[in-house]
Amino acid sequence: MLAAPAAAAGAGEAWTAREAEHLLNRAGFGATQAEVEAAVRRGREATIAGLFPDPARTPKPEILGAKTLPLGLESPEARLRNVEARREGYSRMQPDLISPLNMYGDWWIERMRASEDPLRERMTIFWHGHFVSSIKEVGDSHEMIEQVQFLRDNALGRFEVLVRGIGRTPAMLTYLNNNENVKDHPNENWARELFELFSLGDGNYTETDIKEAARAFTGWSDAESRFLFERVVHDYGRKQVLGRSGNLDGDMIVDLALEQEACARFMAAKLLHHLEGAPAAQERVEDYAAFLRSHEMDIGQFLRRLFADPAFYREEIVGRRIVPPIEWVVGSARKLGIAPPGQMVQNMGDVLGQRLFWPPSVKGWEPDMAWITTATMMYRSNMAGILLGLVSVDGLIRDAEFEQPRMDAEMPMMGALKKSRNNGLNQLAYIQHTGWQPQVALVEQARKAMAVGDARVAAWMAVELLSVEVSLDSGVRNAIAAFVAREREAEGITEQAQLLGHAQAEAVLRRTAHFVLSLPEAQLN
Amino acid sequence: MTHSAHQGLDRRGLLVGGVTIFGGMWLLGRGALAREAALAREQAQDAPPRALLLLELSGGNDGLSCIVPYADDLYHSARGRVGHKAESVLKLDDYRGFHFALQGLKAQWDEGKLAIVEGAGYDQPNHSHFTSQDIWHTARHSGRASGDGWVARLMAEQYPKDREIPHMVHVGQSLPYSLKSSSHAVVCFDQPPPYRWAENGADIAREGGMRRPEAGHPLEQIRSVVRNAQASSSEIRRAAAEYKPRVAYPKHDLGQDLQTAAALLQSRIGVTVMSVTHQGYDTHANQVYRHDKLMSELDTGLSAFLADVRGTPAGDNIAVLVFSEFGRRVADNASMGTDHGTAGPMFYLGSPVKGGLHGKHPSLADLVEGDLKHTIDFRRAYATVLDGWFGVKNETVLGQRYEPLAGVFA
């Protein structure tokens with residue numbers, strides 16, 4: 001299956017399973033083999049075009065029904081209660097407190113897993129980690145939903161629309177305190193991050209620029225979850241920012257930032273790093289920055305160019321990017337052919353260091369090797385085990401090896417972990433307590449793939465769960481085959497060919513899948 | 001979970017023992033033997049090795065609300081909204097006083113066990129959290145471009161050969177760059193009980209840590225993390241589970257992290273530097289409530305830690321160093337907060353520390369664009385730990401020589 005016809009390739013460039021899978025992995029969430037084969041048949045141009053479906057076809061989340069949005073989904077008191085409750089980890093005890101934000105998260109996860117527009121969801125996560133706000137400070141589900149929805153609507157559009165609009169979202173006005181930025185004693189928080197993290201990068205402005213820009217944004221505020229310009233607290237005096245002076249206002253500051261040479265360079269570098277999985281060389285950044293400048297900073301056009309660029313398929317980046325947690329969990333679920341509850345995926349993201357709606361700082365999530373610690377390597381394996389129904393979260397929380405099992409008075413249902421940061425694991429325990437089980441059918445998939453014999457089971461599993469580059473590695477395949485053989489024999493199945501017909505076949509294949517998803521190779525794509 | 005899966009798990013439980021013995025040796029190979037030997041050497045020593053607890057106040061601690069220059073009129077005029085009244089502070093002398101929540105630190109001061117470095121900072125201060133943290137974490141103005149973190153460099157200097165022992169441990173979800181090492185094992189976890197592979201661990205660790213791809217490939221780095229995970233999982237969980245603290249730690253996250261730190265530092269599993277982060281210091285708005293709460297957590301957490309470890313052989317060999325990436329602007333803003341500033345105080349605590357004031361309180365009259373001028377380079381505070389506590393020539397870690405502070409370590 002890997003020796004795909006290259007007939008559909010354009011411009012003399014290769015278009016094989018390797019390239020197709022690379023594109024689908026970087027533009028979506030864990031390409032399945034069926035999708036890779038279809039993309040190879042369709043050809044490169046058509047595959048790239050297919051990543052940009054008509055946005056009008058994207059349905060709005062049901063939760064954004066017109067009846068509820070204008071006034072907010074909950075009363076302010078209920079909102080606060082929900083946020084506090086989830087922060088403390090108690091919502092698992094009281095399903096009625098699960099807030100609209102969690103429901104929106106479920107909808108979003110479902111879009112990542114199964115929509116026809118995965119690139120938009122990928123880029124929405126990117127922008128959520130770029131134009132950061134966190135529910136922890138915002139404290140209002142409705143405002144967070146509206147902000148993420150704004151990022152989704154414009155995820156593939158012009159950068160200007162994003163940078164101009166984000167400062168008016170009530171979530172951002174609250175998160176970076178601009179709704180408290182007034183003429184006397186301005187608050188610099190938003191002005192600083194607008195330059196440092198959202199548009200120019202450190203070193204491309206002065207401290208004076210920030211102080212003066214903060215004055216220009218005085219009065220940008222919100223009321224009833226709507227942007228509001230409060231004239232009485234705006235500073236109408238003369239300011240000097242980034243070499244321009246006059247009675248500058250907030251929109252003019254955004255214009256000035258967009259005009260800077262540094263802006264396109266900063267965004268080109270960040271986008272390339274995100275999509276390629278490693279910092280790009282300076283020449284490449286300059287090339288793409290020039291492209292952005294000459295194309296109205298249009299993100300969609302930037303992506304189309306990148307996906308068609310032969311350098312995007314170079315050896316140093318294909319199969320070498322650390323897959324971020326949400327993408328990894330969603331991708332693993334897709335490859336296993338299961339649809340875990342969105343809440344479960346969100347909690348797994350949290351455990352692995354990527355809690356949607358709660359970025360760790362205004363800089364968002366740190367990429368690459370920062371995702372991989374001694375703890376998260378073990379947790380990635382454990383999360384795969386939960387997806388496959390092999391790992392009990394209670395068993396994970398209670399360390400039977402070193403601790404006496406105890407019933408906890410405060411948390412009667414289980415020995416929940418106490419620290420607020422352990423919300424994710426506690427929530428996962430709750431989901432298992434409600435009786436959730438994965439609908440995995442690996443034997444059926446193996447039969448379809450005619451994976452008979454340990455070596456072919458291993459090869460099938462490697463191709464399904466790992467990226468092309470490593471799935472061909474004989475060392476990996478041999479290790480998987482040896483694992484299958486040991487598991488099979490432990491079940492008393494002596495003949496390789498009898499595995500799929502045996503009652504314990506599903507258990508053997510699940511344990512094998514768990515093993516494969518736990519390997520270092522499975523953390524890359 | 002299905003019935004058959006349960007049977008599978010039981011069966012696995014029987015298998016794992018045998019696999020581990022075989023797998024462990026294969027996994028770690030020469031590294032394992034060297035590691036065991038080094039650990040045995042360390043445990044055979046009479047005196048526990050000298051250790052450091054590094055506590056980062058993340059987000060930019062407002063030094064002026066922490067050690068308050070209560071007798072300075074300029075302070076009161078600049079801090080009309082978030083300032084502390086002279087009568088509320090715990091007076092240290094006739095100029096400065098502790099934040100009212102720092103009762104435990106005040107007690108340490110009275111006992112002569114708290115050294116304060118005032119006005120710590122660096123030339124050309126950077127007001128970005130992230131750039132400034134990188135400068136503090138690497139002890140270099142060029143930040144990450146300069147290479148490994150300063151703690152990692154210290155470990156490389158102290159233990160040039162014992163690279164497999166988890167000398168550096170961070171309690172928290174993400175690793176601070178100060179511990180980022182290209183050569184030595186580093187361990188990072190949030191809570192001990194779930195710090196393990198729930199199933200298939202021996203197989204995963206063996207296969208995941210074993211084969212070596214070409215240099216520079218990310219797989220090589222991941223494999224090294226897998227080996228460190230495997231090597232540290234049992235020791236850390238055991239040390240935390242068997243630990244019997246002598247005082248009750250507060251329930252907040254910092255308190256829990258410090259209890260874990262106390263457990264590991266006294267467990268003789270090779271931990272030399274423990275890192276803990278206290279989050280939430282970026283108080284642009286509503287500072288009064290937020291900073292008061294942080295000070296209270298800091299004080300109750302540190303007080304419990306110090307009371308717990310003092311008097312044990314290992315505990316008396318722990319020095320504590322507290323720092324933050326910057327202080328905050330002298331004048332408060334209209335949203336009852338303060339913006340990013342520059343210099344701030346650092347603290348040394350613990351049995352080996354001799355109390356006192358170092359550096360100089362920055363002048364509130366002589367500001368640069370509204371910010372304090374630092375009066376001492378923070379690397380002199382690092383140098384004091386390097387020379388005075390670890391006996392390492394500080395230039396080997398810091399890249400150039402900095403003058404250590406006199407009299408912090410007796």
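In this predicted model, the C-alpha centres of domain 1 and domain 3 of chain A lie 39 Å apart. Chain A also meets chain B: 64 residues of chain A are in contact with 60 residues of chain B. Within chain A, helices α5 and α18 pack at an angle of about 95 degrees.

**Domains of chain A**
- The domain assignment places domain 1 at residues 261-313.
- Domain 2 covers 326-433, and domain 3 covers 442-523.

**Where chain B touches chain A**
- The contact brings together 60 residues of chain B and 64 residues of chain A.
- On the chain B side, at least two residues each come from α1 (3-44), α5 (129-138), β7 (186-189), α7 (201-210), α8 (218-242) and α9 (253-265).
- Helix α8(B) gives the most to this side, with 14 residues.
- By class, the chain B side holds 24 nonpolar, 20 polar and 16 charged residues.

**A helix pair in chain A**
- Helix α5 of chain A spans residues 100-114, and helix α18 of chain A spans residues 342-351.
- Their axes are 8 Å apart, at an angle of about 95 degrees.
- Angles of 65 to 115 degrees count as roughly perpendicular, so α5(A) is roughly perpendicular to α18(A).
- From α5(A), the residues that meet α18(A) are Asn102(A), Gly105(A), Asp106(A), Ile109(A) and Glu110(A).
- From α18(A), their partners are Gly342(A), Gln343(A), Val345(A) and Gln346(A).
- This contact of α5(A) with α18(A) has two nonpolar, five polar and two charged residues.

Technical notes
Residues numbered from 1 in each chain as written. Chains lettered and ligands numbered in written order. Predicted model: local features only at pLDDT ≥ 70, side-chain atom pairs only at ≥ 80, totals over all residues. Domains from an automatic or database assignment. Contact = placed C-beta atoms within 7 Å. Helix = DSSP H or I, 4+ residues; strand = E, 2+ residues; numbered from the N terminus. Nonpolar A, V, L, I, M, F, W, Y, C, P; charged D, E, K, R; others polar. Axes fitted to C-alpha atoms, helices over the stretch in contact; angles between N-to-C directions. Parallel < 35°, antiparallel > 145°, perpendicular 65-115°, else oblique.
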